[in-house]
Amino acid sequence: MILHASTLRLNRARQLLIMLMMMAFSLAAANEKVPVNHNACLRCHAMPTLAYRDANSNKIINLSIDSLALSHSVHGKLACAECHDGQFDRYPHQFDAQNRPLSCVNCHEEKADAAERHYQFKTIEEEYNQSVHATPDAPELKGFNCHSCHDPHQFRASRIGEPLAKIIHTNNQLCLSCHESARAHHAWLPNQEKHWQAVRCIDCHTPVTENDQTVSHQILKAEASNHDCVNCHSKNSRLLNRLYQYRTATNLEHQGWFNTAVFNDAYVVGMSRSPLLDRLALGVIGLTLLVLIAHGFGRYKAYQRITRNRK
Amino acid sequence: MNAIYLYPLWVRIWHWFNALLFVIMLWSGASLHFAGSIGLLDFSTARPIHNIAGILLALSWIAFVIGNLVTSNGRHYRVQWHGFIRRLITQGHYYAVGIFNNEPHPFHPSTEMKLNTLQQTSYLAVMYILMPLLILSGGAFLFSIYLPETLWGLGSVWVVAMAHLTVAYCLVLFIMVHLYIITTGETVTTNLRAMVSGWHREMAQEKTE
């Protein structure tokens, strides 16, 4: 018993030490990048292990915030209290303060520049409401909201500048973190791994919309998603345009002009194919070849005549 | 024998460098366009090759234009409008009919004019219409982010792709005809040798005169 109690004390002491070290480390990181007004919150929330077990659902609720990611995010310049406006200045936080709904759309529509934004939050909301993620009666989607995909403490409007493969990987990981059986459902897709490394899930699983917003928030059901290879590989496809231009932008930002030109990986196999043009051109080329051969043969005959005459 | 120095060194170097690039461009371009077909380069190999050769080809074209502006070689590309149609018909008639009757060449290159009218017209079209279109559409591929999303109601990348492809096919036709036409000199290799040594040598003139 005595031995057990001392081991327990030792473990607690070790835990405390680790916690203090983590806090010190997190604070150092926080001081470096994040504006001062986050520090009061990040003193605790920057700890990577800050979490609790929810009594009702029995799930671990993660409360930690990556301070570096926060400083790079679109919300990095906001004070915590601008969104979390309950009584969070006291510890422990008041229970009722924790459950205030945070609506992206409401906040963003109130902004003065709401109409000029590239992404219209009203449109996003309309699209989202038609999305599979908004299916109201699916039990596994209970509590699904913007934050299920877009972590407001890390969200960046564009990740252009990072290596393309990393952007695609991060993007797809987001989907795959819930859709665990996606791999089996994509067995029909030729070169599945290559596709997953080069194309975002949302490129096929969202409709091509007429508004100027790059990607729709209306995530489609599997059966309504793009299964047609030709939609990307060849033809006048806006889906292809979208992917192509995104890739070029990424390349330019990341590699600069010269490398973009030389190591440009934006070309999609088959995108320049036009069966009509190919057939027409190959036909004309074949015909020209025949004419040239016939012409050469005629010249050879003429040459034979001239040598015969000389003799 | 009649020998005239028609092709200065820079023109010959440019010509053979350009020819090499054309071969590389056509081969790697076909590998991209018909990716997966047998006998072609691997897609990932063809891609940087096509891009690098494309940039070199664009530089080579600029060098050609500058070369023709600053040296006397440019005079061969200045069209003499007087009798243009008549010379075009004469030259066309020779290739279509006269050549089979062993008629003499209607055109003899000189230091003043090394290209016959048909040759001159096709070179002008290739170098000053097709090549700029090829380079512009190729460049537009590489930097498609600066393009509008649509051109004339069609996806702009597709418009660019079709333009690049059409011009490329036209140039394949040009190369085929060019390779054949160079054999129609006094002997099969007269014109080829001229582009190697710079000297155009004609024997027949001496004999007939």
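Colleague: Does Glu125(A) count as buried, partly exposed or exposed?
Modeller: This is a predicted model, and the answer comes from relative accessibility. Buried means under 20% and exposed means over 50%. At 30% relative accessibility, Glu125(A) lies in between, so its class is partly exposed.

Colleague: How far apart are the closest N and O atoms of Glu193(A) and Arg183(A)?
Modeller: These two residues form a salt bridge. The pair links distant parts of the chain, with Glu193(A) in helix 11 (residues 192-198) of chain A and Arg183(A) in helix 10 (residues 182-185) of chain A, 10 residues apart. Glu193(A) is partly exposed at 40% relative accessible area, and Arg183(A) is partly exposed at 43%. Their closest N and O atoms are apart by 2.3 Å.

Colleague: Are Asp203(A) and Arg200(A) buried or exposed?
Modeller: Their side chains meet in a salt bridge, at 3.0 Å from N to O. The structure holds three salt bridges over all chains. As for Asp203(A) and Arg200(A), each of them is buried.

Colleague: Where is Arg299(A), and which residues does Arg299(A) touch?
Modeller: Arg299(A) has its place in helix 14 (residues 275-310) of chain A. With a relative accessible area of 16%, Arg299(A) falls under the 20% limit, so this residue is buried. Not counting residues up to four places away in sequence, Arg299(A) touches Ile99(B), Phe100(B), Tyr180(B), Thr183(B), Thr184(B) and Val188(B).

Colleague: Let's turn to chain B. How many helices and strands does chain B have?
Modeller: Along the sequence, chain B follows the pattern β-α-α-α-α-β-β-α-α-β-α. Of its 209 residues, 44% count as buried. The count for chain B is seven helices and four strands.

Colleague: What share of the contacts in chain B with a separation of 6 or more comes from residues 24 or more positions apart?
Modeller: A contact here means heavy atoms within 4.5 Å. Among the contacts in chain B with a separation of 6 or more, residues 24 or more positions apart account for 66%.

Colleague: Which element gives the most to the nonpolar patch?
Modeller: The patch covers about 850 Å² of surface, and its residues include Phe17(B), Ile52(B) and Val70(B). Helix 1 (9-33) and helix 2 (43-70) of chain B are the elements that give two or more residues. Leu59(B), one of the patch residues, has its place in helix 2. With seven residues, the element that gives the most is helix 2 of chain B.

Colleague: Which element gives the most to the lining of the second largest pocket?
Modeller: This pocket has a volume of about 1,100 Å³. Of the 44 residues that line the pocket, the closest to its centre are His15(B), Gln119(B), Tyr123(B), His178(B) and Ile182(B). Several elements of chain B each supply at least two lining residues, among them helix 4 (117-142), helix 5 (156-181) and strand 4 (199-202). With nine residues, the element that gives the most is helix 1 of chain B.

Methods
Residues numbered from 1 in each chain as written. Chains lettered and ligands numbered in written order. Predicted model: local features only at pLDDT ≥ 70, side-chain atom pairs only at ≥ 80, totals over all residues. Heavy atoms only, no water. Patch = residues over 30% accessible without salt bridge, like charges linked within 9 Å, V, L, I, M, F, W, Y side chains within 5 Å. Areas by Shrake-Rupley, 256 points an atom, 1.4 Å probe, with all protein chains shown as cover. Salt bridge = Lys/Arg side-chain N within 4 Å of Asp/Glu carboxyl O. Buried < 20%, exposed > 50% of the residue type's maximum accessible area, 1.4 Å probe, protein only. 1 Å grid on protein atoms, 1.4 Å probe; cavity = no way out; pocket = protein on both sides within 12 Å on 5 of 7 lines; lining within 4 Å. Points joined across faces, edges and corners; volume = space filled by probe spheres on them.
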